[in-house]
Amino acid sequence: MPIDATQGYDPENIFAKILRGEIPCNKVYEDEWALAFHDIAPQAPVHILIVPKGAYVSWDDFSASAPAEEIAGFVRAVGRVARENGLVAPGYRLLANVGADGGQEVPHFHVHLFGGAPLGRMIAR
Ligand code: AMP
């Protein structure tokens, strides 16, 4: 079920539980600002999720409310994960779903990193 991106942060969401170590993940990278792990249902040969450590519902919440240092740390982490996974030369795609029309299902901001093959059109038709 897609979420309502205008709602408040729910600390019981699944990515919050992963960040607290209550649920395992297949970790790819971690630093002060971000945790990256493999998506449980990959939609490309490489499908990594990068989540900020702070409690933000969506891109909307993060872009409006996160301190500049946290935004910079997170953006650098996303770039680093792509680089360290050898995706710059072949290329990759980033995606952030927001709310119902975006199809966002987990109410903790995350960026999808796809790669490992040509990814086709930006939006399914
Ligand atoms: P979104 O629709 O942008 O909210 O995407 C949520 C993503 O989280 C989906 O691609 C799911 O496959 C993925 N996902 C859900 N639960 C887990 C989990 N426990 N570990 C890793 N990925 C998950």
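**The ligand site**

Author: The ligand sits in the largest pocket of this predicted model. There are 16 residues around the ligand, and Asp39, Asn97, Glu105, His110 and His112 come nearest. By type, this shell divides into eight nonpolar, six polar and two charged residues.

Some of the shell can be assigned to helices and strands. Both α1 (14–19) and β2 (34–38) supply at least two residues each. The most comes from α1, with three residues.

In the side chain of His110, an N or O atom is 2.7 Å from an oxygen atom of the ligand. For His112, a polar side-chain atom lies 2.8 Å from a ligand oxygen. Val106 takes part through its backbone: a polar atom there is 2.9 Å from an oxygen atom of the ligand. As for cover, the ligand taken alone exposes 500 Å², and the protein buries 85% of that area.

One further feature concerns aromatic rings. The structure holds six aromatic pairs. One of them is formed by Phe74 and Phe109; this pair is tilted, with 5.3 Å from centre to centre and 55° between the planes. Phe74 belongs to helix α3 (residues 68–84), while Phe109 is in the loop between α4 (99–102) and β5 (111–115), so the pair ties together parts that are 35 residues apart in sequence.

Technical notes. Residues are numbered from 1 along each chain as its sequence is written. This is a predicted model: local features need pLDDT of at least 70, side-chain atom pairs count only at pLDDT 80 or more; totals for chains, interfaces and linings use all residues. Side-chain values use heavy atoms; hydrogens and water are left out. A residue is near a molecule or strand if one of its heavy atoms lies within 4 Å of it. A polar contact is a pair of N or O atoms within 3.5 Å; within protein, one must be able to donate a hydrogen and the other to accept it, and residues adjacent in sequence count only if both atoms are side-chain atoms. Accessible areas come from the Shrake-Rupley method with a 1.4 Å probe; for residues, only the protein chains shown count as cover. On a 1 Å grid over the protein atoms alone, a cavity is a set of points where a 1.4 Å probe fits but cannot get out, and a pocket is an open set with protein on both sides within 12 Å along at least five of seven lines; lining residues have an atom within 4 Å of a point. A molecule sits in a cavity or pocket if more than half of its atoms lie within 2 Å of its grid points. Helices (H or I, at least four residues) and strands (E, at least two) are DSSP runs, numbered from the N terminus. Ala, Val, Leu, Ile, Met, Phe, Trp, Tyr, Cys and Pro count as nonpolar, Asp, Glu, Lys and Arg as charged, and the others, Gly among them, as polar. Rings of Phe, Tyr and Trp (its six-membered ring) pair if their centres lie within 6.5 Å; planes under 30 degrees apart count as stacked, over 60 as edge-to-face and the rest as tilted.
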